[in-house]
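Reader: I am new to this structure and would like to go through it step by step. May I begin with the strands and then turn to a pocket?

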Amino acid sequence: MLLLAVDTATPAVTAALHDGTKVLAESSRVDARRHGELLLPAVDRVLAEAGVALDAVTAVVTGVGPGPYTGLRVGLVTAATFGSALGVPVYGLCTLDGLAYAAGRDTGVTGPFVVATDARRKEVYWARYASPCERVTGPAVDRPADIAEQLAGLPAVGAGALLYPDAFPTVVPGAPEHVSAAALAALAAEKLAEGGDTGPAEGAFLPPQPLYLRRPDAQVPKNYKVVTPQ
């Protein structure tokens with residue numbers, strides 16, 4: 001098994017390789033405006049660091065969001081292209097699940113807790129977890145003040161929680177702000193191992209399609225001005 005994982009749903013542009021037991025190489029850079037420029041060089045770096053060729057990859061894992069439209073689609077299109085070119089499956093995972101998994105691995109948080117990322121427009125993408133591998137609510141997008149009461153007392157993980165301390169007063173110390181492809185790859189490897197020879201269990205993965213949760217900022221103009229002769 002050799003998994004190539006990518007995610008561009010948050011400001012982190014991240015890629016990693018996982019051999020089914022451990023992460024072989026990973027690359028992450030936080031830059032919310034350069035997903036398209038940074039992702040392929042990140043993939044090149046992890047392949048070079050691991051000393052493997054792209055055609056050795058047996059599956060691609062991609063974060064499906066939720067995330068802003070422009071950034072999110074970079075990772076999904078890249079994953080789909082690699083999957084098609086290599087003839088390998090492409091597995092989708094909720095980006096928030098990757099953050100929850102990393103928080104459990106890196107900080108020992110067990111649950112319940114909440115993961116929140118920045119959705120812009122003074123909103124957060126969020127989900128509630130019973131444990132690092134069990135999401136029980138969400139993903140959803142809301143204003144922090146609108147969900148503060150229902151999440152009161154829960155430890156919080158993610159950049160969205162750091163942005164709105166009034167709504168998320170208990171941030172887990174040392175927890176990651178953004179998702180890492182290494183965490184997504186490790187989570188995917190666990191899910192694939194659970195499936196054994198029969199393959200991934202139904203519902204283990206999401207379709208590699210974007211979780212936008214709201215309409216894009218860009219809108220089709222109305223009332224076009226006619227510029228052709230009548």
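Reader: Which residue of β4 stands opposite Leu4?

Author: This is a predicted model. In it, Leu4 has Val60 of β4 opposite it. The strands concerned are β1 (residues 3-7) and β4 (residues 59-63), which pair in the parallel sense over four bridges.

Reader: And what packs on the sheet there?

Author: Helix α6 packs on the sheet and touches β1, β2, β3, β4 and β5. The direction of α6 makes about 135° with that of β1.

Reader: In what order do the five strands lie?

Author: The order is β3-β2-β1-β4-β5, in an open sheet with mixed pairing. At the edges are β3 and β5, each of which pairs on one side only. From one strand to the next, the twist averages 15°.

Reader: Do β2 and β3 run parallel or antiparallel?

Author: They run antiparallel, with seven bridges joining β2 (residues 12-18) to β3 (residues 23-30). Within this pairing, Val13 stands opposite Arg29 in β3. The two strands form a hairpin with four residues between them, and Gly20 in the turn has a positive phi of about 100°.

Reader: Now the second largest pocket: how many residues line it?

Author: There are 15 lining residues, and Asp97, Arg135, Lys191, Gly203 and Ala204 lie nearest the centre of the pocket. Its volume is about 200 Å³.

Reader: How many of the lining residues are charged?

Author: Four are charged, while nine are nonpolar and two are polar.

Definitions and conventions. Residues numbered from 1 in each chain as written. Predicted model: local features only at pLDDT ≥ 70, side-chain atom pairs only at ≥ 80, totals over all residues. Heavy atoms only, no water. 1 Å grid on protein atoms, 1.4 Å probe; cavity = no way out; pocket = protein on both sides within 12 Å on 5 of 7 lines; lining within 4 Å. Points joined across faces, edges and corners; volume = space filled by probe spheres on them. Nonpolar A, V, L, I, M, F, W, Y, C, P; charged D, E, K, R; others polar. Pairing = 2+ DSSP bridges. Axes fitted to C-alpha atoms, helices over the stretch in contact; angles between N-to-C directions. Contact = heavy atoms within 4.5 Å.
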